[in-house]
Amino acid sequence: MEKYCDRVLIFYAGKIVEEGPAELVFTEPGHWYTKCLLEAMPKQKKRGRELFEIPGRVPSAAERTAILSGENPPCLFANRCPFARELCHEKSPARIDLGQKHFAACQLARPPKEIRKIDGPGEGRKEIRGGIQDE
Ligand code: SF4
């Protein structure tokens, strides 16, 4: 995909959850929905193995409206996210500037200086741009 466009916007349930240079979004995603999408993509090296599947489903437009009209709207991806924390269910994530015109609306997104290794879905430990927050 990065061969065909310079910038990419990732939408979830009608909201932009990540935006940035295509190469960065595909190699160092900052939002867990983007990471799950990439993990679910078929690849030659995954041949013969079961693909990662994001549990649950996208909320309908009516469900989305109901969720967002609550007093403390959560992250819309919280019920499906493998790394959702209590905070994700209580507060809508702010748009975090990851540098190089790359943004992600995730409670765990961190600028590059805070990159560290964490467990990801599907294939064990991997280096990611989002990082993870200590509780
Ligand atoms: S804000 Fe929380 S639930 Fe939403 S994508 Fe980030 S970690 Fe997952």
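## Sheet, core and ligand shell

Strands β1 and β2 (residues 15-21) pair in the antiparallel sense over six bridges. Two strands pair if DSSP finds at least two bridges between them. Helices (H or I, at least four residues) and strands (E, at least two) are DSSP runs, numbered from the N terminus. Residues are numbered from 1 along each chain as its sequence is written. The model is predicted: local features need pLDDT of at least 70 and side-chain atom pairs count only at pLDDT 80 or more, while totals for chains, interfaces and linings use all residues.

**Fold and sheet.** The protein has four helices and six strands, which follow one another from the N terminus as β-β-α-α-α-α-β-β-β-β. Four of the strands form an open antiparallel sheet in the order β1-β2-β4-β3. Its edge strands, each pairing on one side only, are β1 (7-12) and β3 (96-97). Strands of a sheet pair through backbone hydrogen bonds, either parallel or antiparallel. Val 8 has Gly 20 in β2 as its bridge partner.

Of the 135 residues, 29% count as buried. A residue is buried if 20 or more other C-beta atoms lie within 10 Å of its own, exposed if 12 or fewer, and partly exposed in between, with C-beta atoms placed from the backbone. A nonpolar core is a set of buried Ala, Val, Leu, Ile, Met, Phe, Trp, Tyr and Cys residues joined through C-beta atoms within 7 Å. The largest such core has 19 residues, and Trp 32, Tyr 33, Phe 77, Ile 96, Ala 104, Cys 106 and Ala 109 touch the most other members. Two or more residues come from each of α2 (32-40) and β4 (103-104); the share of α2, three residues, is the largest. Leaving out residues up to four places away in sequence, Ile 96 touches Gly 30, Phe 103, Ala 104, Cys 106 and Ala 109. Contact here requires C-beta atoms, placed from the backbone, within 7 Å.

**Ligand shell.** There are 14 residues around the ligand, of which Trp 32, Cys 75, Cys 81, Cys 88 and Cys 106 come nearest. A residue is near a molecule if its C-beta atom, placed from the backbone, lies within 6 Å of it. By class, the shell holds 12 nonpolar, two polar and no charged residues. Ala, Val, Leu, Ile, Met, Phe, Trp, Tyr, Cys and Pro count as nonpolar, Asp, Glu, Lys and Arg as charged, and the others, Gly among them, as polar.

**Loops.** Asn 72 is in the loop between α3 (61-68) and α4 (86-90). Asn 72 counts as exposed because it has 8 C-beta neighbours inside 10 Å. Beyond four places in sequence, Asn 72 is in contact with Glu 90 and Lys 91. Two further loop residues are listed below.

Most residues other than glycine have a negative phi, and most peptide bonds are trans.

**Confidence.** The mean pLDDT, the predictor's confidence in each residue from 0 to 100, is 85, and 82% of residues reach 70 or more. Among the elements, β1 has the highest mean (97) and β6 (residues 124-128) the lowest (45). Over residues 122-135 the pLDDT is below 50, although this stretch has 33 contacts in the model beyond near neighbours in sequence. Where pLDDT is low, the predicted coordinates should not be read in detail.

Conventions
Two residues are in contact if their C-beta atoms, placed from the backbone, lie within 7 Å.
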